[in-house]
Amino acid sequence: MFKDIVGNEEAISRLAVFSERGNMPNIILAGPPGVGKTTTIQCLARTMLGDKYKDAVLELNASNERGIDVVRQKIKNFAQTKVTLTSGKHKIVILDEADSMTEGAQQAMRRTMEVYSKTTRFALACNTSDKIIEPIQSRCAVVRFVKLTDKQVADKIREVAKKEDCSFTDDGIEAIVYTAQGIHPKLTHLIKLSS
């Protein structure tokens, strides 16, 4: 849920509004890796779509599936599929690492965004939005994410360690915070290493 996401409170609260009201725009979530972009959009989709999530969401990682064929086959087929949703709700394509897509794939996706705008929304997570072509950027609300503060990372590590009943030391947490450098580490793995 949104309350469990660490940092970037302003961006997350903006997106939480869409999950309550529906009628989400196409979105580009831009920022460094590990700061909660994909998690945030998954929370938005789960909150907004509820039990329709499985049928109404397509999740792809553009670093693995980055070519024009993915857009023409997977994304277009998903956009064409009929899913009955309440008013103000749309199917959502979540595309992680969207800045890895080829320009041809992005051009094809732009066309799909236009044709299926009444039924399908796109949420593109990327490190830098300047690698997304201008025609897509102009069709999206851009939401910027920043690195987490050391305190945010440390507080979350303590919270997870307590829930997982892992022992820890302040030095161990400090080492994880230093290593994380403002991104959300794989906490349970790192806590076990530091204890």
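Trainee: What is the strand order in the open sheet of 5 strands?
Mentor: The order is β2-β3-β4-β1-β5, with parallel pairing. Strands are DSSP E runs of at least two residues, helices H or I runs of at least four, both numbered from the N terminus. Two strands pair if DSSP finds at least two bridges between them.

Trainee: Which are the edge strands?
Mentor: β2 (57–61) and β5 (141–144), each pairing on one side only.

Trainee: What about the source of the coordinates?
Mentor: This is a predicted model, where local features need pLDDT of at least 70, side-chain atom pairs count only at pLDDT 80 or more, and totals for chains, interfaces and linings use all residues. Residues are numbered from 1 along each chain as its sequence is written, and side-chain values use heavy atoms, with hydrogens and water left out.

Trainee: Over how many bridges do β2 and β3 pair?
Mentor: They pair over 5 bridges, in the parallel sense. L58 stands opposite V93 in β3.

Trainee: Which strands does helix α4 lie across?
Mentor: Helix α4 (residues 68–80) lies across β2, β3 and β4 (120–126), at about 165° to β2. Axes are lines fitted to C-alpha atoms, for helices over the stretch in contact (heavy atoms within 4.5 Å). Angles run from 0 to 180 degrees between N-to-C directions.

Trainee: Switching to the largest nonpolar core, how many residues has it?
Mentor: It has 25 residues, and L44, I92 and F145 have the most contacts inside it. Such a core is a set of buried (under 20% relative accessible area, 1.4 Å probe, protein chains only) Ala, Val, Leu, Ile, Met, Phe, Trp, Tyr and Cys residues joined through side-chain atoms within 4.5 Å.

Trainee: Which element gives the largest share?
Mentor: α2, with 6 residues.

Terms used: Buried < 20%, exposed > 50% of the residue type's maximum accessible area, 1.4 Å probe, protein only.
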